[in-house]
Amino acid sequence: MAIGATTAFSSIFAGGIVSSFLSSGCRRSFYTSINLSRTLSSTLYGLKTIHKHHSFIAVNRNLSCESTACADVSTNSSNPTSNNSYPPYGRLLPCPSENGPPRVEHLVVSEGGPVLEYVSKSLNLPSLFVADLIHFGAVFYALVCPDLPPTATPEQIKLFKKYTDPSVLRKRSSIKGKTIREAQKTFRITHTNEFVEAGTYLRVHVHPKRFPRCYEIDWRSRIIAVTENYVVLDKPAGTSVGGTTDNIEESCATFATRAFGLEAPLRTTHQIDNCTEGCVVLARTKEYCSVFHGKIREKKVKKLYFALAAAPIPVGVITHYMRPVNIAPRLVSEDFINGWHLCQLEVLECNKIPWPNNITEKKYSIEDCGWPSKDFAYECKINLLTGRTHQIRVQLAACSAPLVGDSMYMPAVIAEANCPGLNPFGKNKKEYLSDDVKAAAVEEWIACHGKEPTVAIGLQACQISWDDGEHNYEAGSPWWR
């Protein structure tokens with residue numbers, strides 16, 4: 001039945017039923033509660049992290065669009081803002097120095113045609129801007145849209161069932177023989193003239209995450225080694241290794257490919273955080289990309305890091321267990337929790353050094369996170385034994401030694417120091433009367449964390465090696481030296 005959701009959405013919106021449902025305060029709650037994660041989990045951002053700028057629209061070209069996300073965005077540069085405070089668009093370049101708020105539009109095609117034309121008219125965006133979005137990889141499609149949200153009214157459910165009748169679906173040859181999961185799978189639009197038929201679902205990341213540092217870097221100077229199979233790059237902080245869901249243009253792989261004049265694009269073999277600098281291996285062929293992935297699975301790849309911590313860390317192996325939730329901030333516990341992922345790192349050495357001066361911090365956009373003592377920092381050499389997202393950052397924070405400039409985890413450490421027991425998984429954790437009380441404490445603890453750093457933190461992937469040291473590469477000096 002869900003395979004006909006597209007037709008249902010088109011008919012519901014075109015008939016004005018949802019327009020009336022979305023009036024006043026109901027509009028935002030409807031938009032924010034749409035849950036696409038079940039069918040689009042591999043490609044769609046978690047809605048609850050960016051819900052304020054999402055909307056789900058079945059577009060009819062004769063339908064007046066009143067939602068805040070479907071703005072009247074003018075191409076007239078004399079118009080400073082649109083009626084919903086979105087600025088007018090020209091092109092995606094030059095790159096803005098600051099990332100704007102996320103904005104993602106979910107559309108259902110009511111009339112087949114070229115994707116560029118349809119998105120441009122539906123969202124009232126300039127054609128050149130939509131062309132840039134497609135070039136950035138910020139536009140996706142699926143043959144059929146996701147299901148109705150759980151907040152749908154009985155009337156909406158009735159209409160949904162009516163317009164997902166098999167007799168309606170049989171008219172779409174493109175979905176014949178496909179399962180619901182197959183029909184709802186999203187793919188990136190790669191050409192501006194790509195044809196989209198009526199009923200197609202489109203996801204448009206109108207405000208892709210930007211990486212202005214890509215345009216400031218001398219990329220040839222960041223190349224450590226080039227072989228027949230791979231390139232080793234000294235990744236700058238403030239850049240993405242292989243791009244994001246909505247931006248595959250502004251990435252290390254893309255810019256390194258161009259800098260070295262390679263014909264085939266470099267491929268990502270592993271990741272380090274955007275705010276981390278250091279060694280990254282990019283494969284030159286699809287075959288070697290698979291080979292390197294195999295080495296990682298077989299634990300033949302060794303990674304060493306320099307971490308600049310705000311407090312000393314004892315030498316030795318540190319073990320935590322990470323909550324299996326794929327959103328930031330990551331939470332860890334010293335105690336074993338069933339289902340949580342093992343995290344281990346080995347601190348090889350820890351040396352007391354002066355805290356970076358103001359000039360250095362300003363040069364590398366290091367954020368002041370309110371750490372009370374800035375006389376000394378502690379440079380630690382770390383052997384990463386397991387590879388979890390944010391692992392070094394969250395494990396050192398759990399040891400009350402957050403990384404310098406880590407605006408996500410340092411505020412939480414400060415909060416715990418001021419109010420011991422605030423961390424429900426920390427050394428001073430409390431006993432909770434019920435699961436509901438603990439769940440509320442976890443949410444409160446998450447709220448103590450800050451935002452993701454803009455550019456750099458005190459972390460460098462200083463060395464990478466594999467095949468028992470047969471291949472061994474080192475990055476340059478970290479930014480704080």
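In strand β7, L202 is the bridge partner of Y141. Strands here are DSSP runs of E with at least two residues, helices are runs of H or I with at least four, and both are numbered from the N terminus. This is a predicted model, in which local features need pLDDT of at least 70 and side-chain atom pairs count only at pLDDT 80 or more, while totals for chains, interfaces and linings use all residues. Residues are numbered from 1 along each chain as its sequence is written, and side-chain values use heavy atoms, leaving out hydrogens and water.

| Strand pair | Sense | Bridges |
|---|---|---|
| β4 (residues 139-142) and β7 (residues 201-205) | antiparallel | four bridges |
| β4 and β5 (residues 187-188) | antiparallel | two bridges |

In β5, F140 has R188 as its bridge partner.

Now to the cores. A nonpolar core is a set of buried Ala, Val, Leu, Ile, Met, Phe, Trp, Tyr and Cys residues joined through side-chain atoms within 4.5 Å. Buried means under 20% relative accessible area, with a 1.4 Å probe and protein chains only. The largest nonpolar core has 63 residues, and L282, Y305, L345, W371, I382, I392 and L396 touch the most other members. Strand β12 (residues 301-309) gives this core its largest share, six residues.

Which residues does W371 touch? Leaving aside residues up to four places away in sequence, they are A310, A311, W355, S400, P402, M410, V413 and I414, where contact means heavy atoms within 4.5 Å.

Helix α14 (residues 391-398) holds Q395, which counts as buried because its relative accessibility is 0%.

Key. Two strands pair if DSSP finds at least two bridges between them. Buried means under 20% relative accessible area, exposed over 50%, partly exposed in between (1.4 Å probe, protein chains only).
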